[in-house]
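The sequence and the structure are shown first, and the description follows.

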Amino acid sequence: MQNKGAISFFAILLALVCLFELSFTWVVSGVEKDAVEYANGDKKKEKAYIDSIASEVVYNVVLKKYTYRECKEKELNLGLDLKGGMNVTLEVAVPDVLRSLSNYSNDETFTKALALASERQKSGGDDYLDLFQKAVKELNPEAKLSSPAFFGNKDMQDVVNSTMSNDEVVAVLRTKVESSVENAFTVIRNRIDKFGVTQPNIQRLEASDRILVELPGVKEPERVRKLLQGAAKLEFWETMENKDVFQYFEAANAKLKAINDANKGLDTSKAVVEPVLVDSTAASEIDTNSVVQEDTTLSLAERIAKASDSTEANADTSDAAMKAQTLKDNPLYAILSPNISQGENGGSFFNPGPVVGYALTKDTGRVNEVLHMPEIKSLFPKDIKFLWSVKGRDARGSLFELLAIKVPRDGKPRLTGEFITDARLSFGQLNNKPEVSMSMNGEGAAIWKKVTGENVGKSIAIVLDDYVYSYPNVNGEIAGGNSSISGNFTIKEAEDLSNILNSGKMDAPAHIVEEAVVGPSLGQEAINAGLISSLVGLLLVFLFMAFYYSTGGLVADLALIANVFFLMGVMTSLGAVLTLPGIAGIVLTIGMSVDANVLIYERIREELASGKGYKLAIADGYKNAYSAIIDSNVTTLLTGIILYIFGSGPIQGFATTLVIGILTSLFSAIFITRLVFEGFAARGKQMKFSIPMTANILKGSNFDFINQRRRFYIISMLVIVAGIVSMFTKGFGFGVDFEGGRSYVVRFDEPVASDKAREALYAEFKQAPDVKVYGTSNQLQITTDFMVEDESTAADSIVSGKMLSVLAGLSANGEEPEIMFSRKVEPTVANDIKESAVLSIVFSLVVLFLYLLIRFRKWQYGVGAIAALAYVVLFILSIFSIFNGILPFSLDIDQAFIAAILTVVGYAINDTVVIFDRIREYLGFQKSKNEELSTVINNALNSTLSRTVVTGLSTMGVLIILFIFGGEVIRGFSFAMLIGVIVGTYTSLFVASPVVVDLTRRVIASTTKEDANEK
């Protein structure tokens, strides 16, 4: 083997990198185990432990030290279906944006066009602005979008004028809509960052107005719905100076000490100041112009951090003593460090500006509690309130500023975001540094002039959702409504602040169009099912390979272990999310990864049987197998990539696992095993590739596949005809993601009849829901479109509340069942999902046809393969139609089903390509042997029969394990996969190759006839 040293080096390097990446998961697991033991069942205490150690170094590597928070960010990320949580897709309502941009026009054509475009979008995934423009043209061909009836108003006069065409106005509107989506994303991201969820995922979905939010471990979905869909609240507040407020904190500190001393028998000092975590962090930081002396100001906070963040196990005596004394003498300052610095002469002074103190992340909640105690609150004037900075100001992001806000008599801010017309990144004329330019409308400009005139030399706090994003100093009165906010901004920080200012008047709050909530118990059950199916599947393949290929099989098992290790390591390093379908992908990878070894081993056995020596047989076996290995894996890789592009959520997780698994399995099967074989050969040892029982299985087989093809054509067509009849008469059961609606999985304490639940819910909803047993007899899956188009935030609670109330009447103890899983999909999203599903299947077939055409240079191979794949798809659809409602598990057509279809397509084409590769090889021999085409293809099919059977059995074996142990969530998915693998193996032998024969003979016959006519 060439470049043996380089391959060995790469293998060792890859193993070390994977080990390093996976080590973070092990470290995090250890810390969380310590937290559980420390808390002894107390969840609040466990959370406090984790919060206290978040910034502590828990992993010391040679070149770098990692805190628990950093380790948590680098651990293997589990999907919501494995650890529970909430997955939400939000969409900015473009009609609301257009209404806002039109200054809420009442023009009849405008309002009718909006309604017509909205109605048409429900039945298709067309762009809303295109639909709106077409609707306007239909209603009034002479209408001009630049007119006052549409978008020719004062707020839009800078970007829309009366001479612009409708296309030009639509281009402006498209920019405004994009800005609204970006603003909504900014608001949602910051709200989620303050929500206190570990490892949230917030991202813009490409080429859409939608935002995906994944929140692990959420237990209050209704609170999340309100948080995400609420309107943004941007405010401008006057501030108070630090030096003017400090006296009140001194009084508060003394009062708190007196309270603690009076109640020390009850240990209330600990109760008052014990650190806890609250929702007080966010993702973006905006620097301000306030001057803060870094080192001296943070001295107390650093000492507190050192004492408070340390666990009792590693805190030394001096730290513990210092903490105890600090708590006793200054209970308020123990959790809030005052903004005071020391001068050169040793005296102290107040730092200028509105910042009155600093607190660690875990202490902000306790500071809030103290300041809201009636005894403490009464010490402060009524015109003062306190707000936290949106992000920590230290390197770790764990030290937050507390600002003093001046409250007018009416309790309202002097200015709100509704007056801002635009905010954008700009650069200073003198220093060319990034700054933010802000414009206001006429009413806002007048108020702003007065506010800035009254606060020259002071700070104005820019507040969004009660958190301070910036507090710039006012240099002078600002007239005209155009302002410039400057500071030591980076471009990113200036862009963030401009987005915050623009989001203050969110043209359209985002609303939830798709939602899934997974309960923690269902997530744990999914983990257990995934682990069991993976381990049993891995063991099954281990035993089978060792039995069939003897010591060579053990080497394949070693490669399989390396493959799983590399797969998990690469997924962790890329930050990929492991979902339940992802575990299914791992199990499938286990079954399919042996295929490369099987191809190699069968070739080696052929070379040994031909009389070649061991080393030469090894070399030729690998060399002759490369073509089939590459072609078969590239085709599967292409389907995985297509699935990733068109899929979403868990399906993307499955595709990610599949794609990475293909790459790692190729490396392990081709290079790891080769290194082992050559290592043993160098020491004079030889591996065996069979045992006496398996040495001659299917050897010398001579099945006549081609001459029996018409019989198999008839059998195949009969099955498909029966399936097509069922599709048109019985139809399919569609999942909620294809039809829209709400779906729930509920668990009772005892079995409940599905028909009784259906009748009771029908009486309440006035429409028939789909109710079926889900796994066990005490679990039901309920799907309904009741109130699905109601966009109010209360709709979800109303539906679930009515459902649970009805179901409680069916329970023996009268108690409501537990919602294990819920999902909501609006009709427009369902249409998009269906379109993506169809496109993904069609696109995959086209791509595979083109690849085969390029690789084999004959269109007959491509048509034969596509005919086989089309048969596989139709067969699975037939089974799902015929047996829907008959088999005791869900056969709904949903995204998971499409993932199964595409994966089966990849597997089937894999099998077909291996056979085609051997046919191509044998056709090269035909030129010298002058054999019939049918004979050549029969020989090729028989020579690969052993590989086809071994790979098929190993893959079927793990899919059966996945079907039995994988859990109800993926039972339909694994069933589709199992049927597909069986049919895919059948079509590669009895459909693809026979079609190639018939097409090739027709071409030859046609050519011969043309030659005869010419003569």
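## A covered helix

In this predicted model, helix α28 is mostly covered, with 18 of its 24 residues buried. The helix runs over residues 859–882. From the first C-alpha of α28 to the last, the reach is 34 Å, close to the 34 Å expected at 1.5 Å a residue.

## The protein as a whole

The protein contains 32 helices and 25 strands. Of its 1015 residues, 54% are buried.

The accessible surface of the protein is about 44900 Å². Carbon and sulfur atoms account for 57% of that surface.

## The second largest pocket

The volume of the second largest pocket is about 920 Å³. Its lining is formed by 38 residues, and those nearest the centre of the pocket are D155, K176, I420, T421 and D422. Several elements give two or more residues to this lining: the helices α5 (94–101), α8 (166–195), α17 (442–454) and α18 (491–503), together with the strands β15 (420–427) and β16 (434–440).

Sorted by class, the lining of the second largest pocket has 17 polar residues, twelve charged residues and nine nonpolar residues.

Terms used:
Residues numbered from 1 in each chain as written. Predicted model: local features only at pLDDT ≥ 70, side-chain atom pairs only at ≥ 80, totals over all residues. Heavy atoms only, no water. 1 Å grid on protein atoms, 1.4 Å probe; cavity = no way out; pocket = protein on both sides within 12 Å on 5 of 7 lines; lining within 4 Å. Points joined across faces, edges and corners; volume = space filled by probe spheres on them. Helix = DSSP H or I, 4+ residues; strand = E, 2+ residues; numbered from the N terminus. Nonpolar A, V, L, I, M, F, W, Y, C, P; charged D, E, K, R; others polar. Buried < 20%, exposed > 50% of the residue type's maximum accessible area, 1.4 Å probe, protein only. Areas by Shrake-Rupley, 256 points an atom, 1.4 Å probe, with all protein chains shown as cover. Expected span 1.5 Å × (residues − 1).
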